[in-house]
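Dear colleague,

Please find below the structure that I am handing over to you, together with its sequence.

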Amino acid sequence: MSAEIKVKRQSSRKRSRDRRISNLTPARKRTSASGRQCPDNTRQIEISRALDQSMDAKFSEYCSDPEDLFGDYDSIVSDSSFLAKLDRVGQNTRQHDIEHTTSSRCPVILLAGNPEFTSLKSSTDNCPKQSCDNSMTESFLEGFTDDAFLDMPSSQLAFLQDPQTADRNCCTDEDKTSMPMRHPEKSVSTEDRNERHIAPKARKSVSDHLKRAMMANAATPSSVSRTAVQKEAVVTEEISVAMQAMESVSMATTDLGPFFGLPTKVKELICNLKGIKDLYEWQKTCLNLDSVQQRRNLIYSLPTSGGKTLVAEILILKELLCRKKDALFILPYVSLVQEKVRGLASFGLELDFMVEEYAGSKGRFPPVKGRGKRSLYIATIEKAHGLVNSLIETNRLDNVGLVVVDELHMLGDGSRGAIIEMTLAKVLYISKSTQIIGMSATLGNLQDIQKFMKAESYTNDFRPVELKEYVKMKDSIYEVDPKEEECFRFSRVLNFKYSSAMQKIDQDHIVALVTEVIPSQSCLVFCPTKKNCENVAGMICKYLKEDFIQHKQAEKAVLLGELRSSGNGSLCPVLKKTVPYGLAYHHSGLTSEERKLVEEAYSAGVLCLLTCTSTLAAGINLPARRVILRSPYVAADFLKRSQYKQMVGRAGRAGIDTHGESILILQDKDKVLVKKLVSAPMEICKSNLMHSDGKGVLSLILSVIGLNITNSLEQIRDFMSGTLLSVQEKQVCLERSLWEVTQECVELLKEKGLVTVSTEPQDGSLQVTKLGRATYKGSVDLTYCDLLYRDLSKGLESLMLNSFLHLIYLVTPYDMVSQCKPDWMVYFRQFTMLSAAEQKMCAAVGVSESFVARKAAGQNVKKNVDQVVVSRLYLALVLQSLLKETDLWSVADRFQLSRGFIQTLLSSSSVFCSCVLHFTEELEEFWPFKALLTELTRRLTYCVQAELIPLMEVAGVMERRAKLLYNAGYKTLAHLANADPNVLAKTVENLFKKQANQIVASAKMLLNEKADALQEEMDDLLMMPLDLLSL
């Protein structure tokens, strides 16, 4: 066959039914059969036709006509040249069979019968038939060579080449033809063939065989849909293209793929899950920077609410999907970590990577190996440092390809800034392949931080909504304009009608300012203290009209019900008064569940005004049309430029407002300071390693020695030269050089028994002691490490296990003691309710009943008693009551403490308990504490009934919602992970569809994480020892 066989692709449009009948037309649709027929072998022909019809019927569910048969395949139905060649091959084969039969060594007898038709019969019954079959096969292959298969679909080619398929279609020895096997009872006997003409055994044409093969192939079931396979192939191909582009990128290249080097699916997810259809121009520019494409460190700085986080998330996804590396995302607060875990869990499920939470007492050190999956670690500042330490210790830091730090300006924020600096210094020193991205509001000394991080920078003043800054003095509003000589330009006089009584109460005209925007638009009022927040909210409500109560009345009634439910029937009297008007306060005095409910209600528009402290500006993003600063002070301290910018940056809601407004209320005495505040450059961000008498330097040196990063003074000096402290040595180390500070710190660590010099001759290397290792691995403050060791040692001598009190006392945070003064009458009342064993334990730690009784009676106590121990035991009694009752409101009322303080005490205790657990794991003498503290950490973390703990492990699920889920039948993590979000939203009261989706996604991610941890444990058990002896 010299002519080339062409396969023509048909249009997807339905073909006309009025078409020429071909050899591929099903038998029931043909008007006549192909091939010769003989009247004398009618029965045989009928059998053949019946078999054809039964085969067609069998596949009718898959294919009713040619266009259904070929579906997405390349169609050959209309290719007449191909069909003609198939027919020609069939005719040549049949002719060859006839010629071969008449000339073979098996004589043929012409039987009597109709002269028009011919039947063939062997002269002997035992004539070999295999030779005939071989000849038939050879003739077929001669007419239909390999070239004929070049354009045939691969599935049909495989069918024709598969010997097993051929065997299945082959006949038995008694009846070897190319036709399907006849049933024995229907075969023609030898006597019958001797009495009449017998036609040659009918054989189907090659086109019929091809049709039957394609039908069989189409009928083969598939467990995976073609659509799913195609989608997966597209995503895989796009990821591959992006990886190739990243590897071959040049300075001129900006287009790395369909969506900044990521699959189109990522863009769709961002649109569906975040509602973002397009990026801002600055975001596109930033993502296309050479430093981003070539993976150099980068700091990008923009005003608040500019969209910085989305850029970071795209870069993280790029690292996870394209480079197949893990990523670390560092955020300043637990609430932000939980919010981000909930938001990115859906991305992880869709794009097949893990999202792991490292906040509070959550997080595994070292993290679980991903078993082929990459991981995104979302961590608070402290947890990120512990995570990096564990990765260094296990030589896995190179697996982290990207570290993103949010709020980078917090480098200058006390002890937390020192921890950020330690974390980044270790990554920079050890892993040269790890990229570091820092994002921040405007920085005053960007060059210093660039030098420390070896980074490039990108700055922009973009805001999605224009911000107009004003100040209010007396009854006039002035616009802030640094270009003006006075910095302020008169704008308008405030329009209000106050009675004399109202004027005395609201001297700053806050009611007039807020009623210009609420309730139709939102407003935030920043107050200097927590108490002032509550007072301002109550005062505003006092002068609002009754119309405010009618606005979204039903939704506010639901919010009040949820607040009451979260307090087990108790409701804050201030919120009870303000919520009906659409107002609430927001500060650390609220429980975490109350804060979450208030934030959700404000975001949904149920609440139109929040009075809040400065912590809200640094935490979750809650924008408003107007932001009012009640005073230029935070407590007794004057505002910093960075704090002011964070607060006013909340003004203006993207996609809702055309502009945002900020109004700072000031008095004449503060006018000069406020002028400096609104016009001064941003504060300089200084290293805090020298904070608290060099505590940061001590901790850093201890950990780098313990992690074997350095083991000599010279190596420590080299490491310290890569810190921000080194960059700013002349500004920070005023009295002595950094080298002198380093030497003094090493000597101090030796004195504390945390570091020692190797006893090996001619070695002299520095090593950590067991106590030193326990201190840095437990992230224990060096101020308290000695005290903690003594308390644990003393506790072992008389450890009381018939109650939690002794263990709770040992894990009560030392730094919380100064924040609470005991109420001696409450102290004595609670002390007398203790069991005899518990009172004996109290006396053992240094607090006797007689001492507490004397203090409650107001008598002087001559005996010296450690006040730290007394106050710490008081806090332990608070925690014990909380674990017993799990009702925060009743405990707060009993001990006369705010519920916010008790919430803080509980969360701090759970974190410190986790630290003490890691501390004891490194010291053999404290082995009894390992199992005991593991359970106590779990109880302190959640502080609910045991059956609710699995549900509260899911990010964002608080006690109230856990109870609702449990009562609705979602009793375990598996129930939540396999829940239908639509059913969940309908079943659980006041649960929105978006929240349901996030809960289910977070539960699935957590379940996968637990499964991976168990799988890793199993793999470790089954792993063959590397040092196994062999013969």
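A salt bridge here is a side-chain nitrogen of Lys or Arg within 4 Å of a carboxyl oxygen of Asp or Glu. Glu 357 is buried, with a relative accessible area of 10%, and Lys 362 also counts as buried, at 17% relative accessibility. Buried means under 20% relative accessible area, exposed means over 50%, and partly exposed lies in between (1.4 Å probe, protein chains only).

Please note that this is a predicted model, in which local features need pLDDT of at least 70 and side-chain atom pairs count only at pLDDT 80 or more, while totals for chains, interfaces and linings use all residues. Residues are numbered from 1 along each chain as its sequence is written, and side-chain values use heavy atoms, with hydrogens and water left out.

Further salt bridges

Side chains of opposite charge can pair when their charged atoms come close. How many salt bridges does a search of the whole structure find? The search finds 38.

One of them joins Glu 456 to Arg 296, with the closest N and O atoms 2.4 Å apart. Glu 456 belongs to strand β7 (residues 456–459) and Arg 296 to the loop between α12 (290–293) and β1 (298–301), so this pair ties together parts that are 160 residues apart in sequence. Helices (H or I, at least four residues) and strands (E, at least two) are DSSP runs, numbered from the N terminus. Both partners are partly exposed: the relative accessible area is 32% for Glu 456 and 29% for Arg 296.

Another salt bridge is formed by Arg 364 and Glu 1016, whose closest N and O atoms are 3.8 Å apart. This pair links distant parts of the chain, 652 residues apart: Arg 364 is in the loop between β3 (354–358) and β4 (375–379), and Glu 1016 is in helix α47 (residues 993–1022). Arg 364 is partly exposed, at 40% relative accessible area, whereas Glu 1016 is buried, at 12%.

The seven-stranded sheet

In what order do the strands of the open sheet of seven lie? The order is β3-β4-β2-β5-β6-β1-β7, with parallel pairing. Two strands pair if DSSP finds at least two bridges between them. The edge strands, β3 and β7, each pair on one side only, and the twist averages 15° from one strand to the next. Five bridges join β3 and β4 in the parallel sense, and Glu 356 stands opposite Tyr 377 in β4.

Helix α15 (residues 381–393) lies across β2 (326–330), β3, β4 and β5 (400–405), and runs at about 150° to β2. Helix α16 (residues 414–430) lies across β2, β5 and β6 (435–440), at about 155° to β5. For these angles, axes are lines fitted to C-alpha atoms, for helices over the stretch in contact, and angles run from 0 to 180 degrees between N-to-C directions.

Ser 390 lies in helix α15 and is buried, with a relative accessible area of 6%. Leaving aside its neighbours within four places in sequence, Ser 390 is in contact (heavy atoms within 4.5 Å) with Phe 365, Pro 366 and Pro 367.

Strand β17

Seven of the seven residues of β17 (residues 659–665) are buried, so this strand is largely enclosed by the rest of the structure. His 659, Glu 661, Ile 663 and Ile 665 point one way from β17, and Gly 660, Ser 662 and Leu 664 point the other way. Strand β8 (residues 466–473) pairs with β17 in the parallel sense over seven bridges, with Lys 468 opposite Glu 661. Strand β14 (residues 626–629) also runs parallel to β17, joined by four bridges, and Val 627 stands opposite Ser 662.

Helix α39

The 19 residues of helix α39 (residues 867–885) should span 27 Å at 1.5 Å a residue, and the end C-alpha atoms are 27 Å apart, which agrees. The expected span is 1.5 Å times one less than the number of residues. Of the 19 residues of α39, 15 are buried. Asp 866 caps the N-terminal end of α39, with a side-chain oxygen 3.0 Å from the backbone nitrogen of Val 868. After α39 comes Thr 886, whose phi is positive, near 55°.

Yours sincerely

Conventions: A polar contact is a pair of N or O atoms within 3.5 Å; within protein, one must be able to donate a hydrogen and the other to accept it, and residues adjacent in sequence count only if both atoms are side-chain atoms.
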